Amino acid sequence: KIDIYGGLVEKKKNAQKSFAVLIDPDSVTPSTLDKLVTLATTARVDYFFVGGSLVLSTHLDEVIQQLKAVTTIPVVLFPGSPSQVSKYADALLYLSLISGRNPELLIGQHVLSAPFVKKSGLEIIPTGYIVVDGGAPTTVSYISNAAPVPSDKNDIALCTAMAGEMLGMKLIYMDAGSGAQKPITESMIGAVAKNVDIPIIVGGGITDPEKAYLNCKAGADVIVVGNAIEKDPSLITEISHAVHSAKAAKV
Ligand code: 1GP
């Protein structure tokens, strides 16, 4: 069995950066998924994240089974709701929306789904989820019914991340929301990275290799890209290269 979290911690020790491709089960077909996997394998993508704020389709299990059948790239669930749990994945980001003040997304949904999540046998990774304003309202900011962190308030982001770490979260996920007009600034990523020791995932509105590289330099450990790759799958190769080349730049 793979130890996803252990691997992330190990990579962080070595200042090694990872690239995760986000798959929205609603926007893939078996044939687009096949092409994506081929590209991702060649580009040495580190993880597939699967999920979304709104998953309308009911074929989550099938999508993950198809992935597992053809690739050894680990599959990590990034659930928008407790229904997005599949025993076929390798791990689950157990998200608590610590930037919001909606009790349901901080703890309520977790209580209701706890027995089911535990029974899944998945590696569960407690994750402090911080949603940052991405310019225009994103699906996550609407669905969560919680105000995102203003994009220029680095202090709020860093205090939220520090609190999350001290509460025992194992990861921080900073997200400007899928398709964000404005991705998270490097200065905010840097402020958070200087104040927590746990690995930091950054995503939302990243559309080019330069931004991915700069985010890694600023302190991101994992870069997540969904939308941009859906539009142009060939970006996988360039972004993966940019992320992996940022290793030496950190220290
Ligand atoms: C969204 O962080 C992810 O939750 C990825 O966002 O689809 O904009 O790449 P994009």
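Which residues point one way from β6, and which the other way? I took this question to the model, which is a predicted one, and found that L171, Y173 and D175 point one way while I172 and M174 point the other way, and that all are buried. In a regular strand the side chains alternate between the two faces of the sheet. I also noted that β6 is mostly covered, with five of its five residues buried.

Next I looked up the strands beside β6. I found that β5 and β6 pair in the parallel sense over five bridges, and that D175 in β6 is the bridge partner of V131. Strand β7, residues 200–203, runs parallel to β6 and is joined to it by four bridges, with I172 standing opposite I200 of β7.

I then turned to helix α6, which has 13 residues (154–166) and reaches 18 Å from its first C-alpha to its last, close to the 18 Å expected at 1.5 Å a residue. Its buried residues are A157, L158, T160, A161 and G164; they lie on the same side of α6 because they cover an arc of only 160° around the axis. On the face of α6 turned away from that buried side I found the exposed residues D155 and M166.

I asked what covers the buried residues of α6, and the cover includes β5 (123–131), β6 (171–175) and α7 (186–195).

Notes
Residues are numbered from 1 along each chain as its sequence is written. This is a predicted model: local features need pLDDT of at least 70, side-chain atom pairs count only at pLDDT 80 or more; totals for chains, interfaces and linings use all residues. Helices (H or I, at least four residues) and strands (E, at least two) are DSSP runs, numbered from the N terminus. The expected span of a helix is 1.5 Å times one less than its number of residues. A residue is buried if 20 or more other C-beta atoms lie within 10 Å of its own, exposed if 12 or fewer, and partly exposed in between; C-beta atoms are placed from the backbone. The arc is that of the directions from the helix axis to the C-beta atoms. Two residues are in contact if their C-beta atoms, placed from the backbone, lie within 7 Å. Two strands pair if DSSP finds at least two bridges between them.
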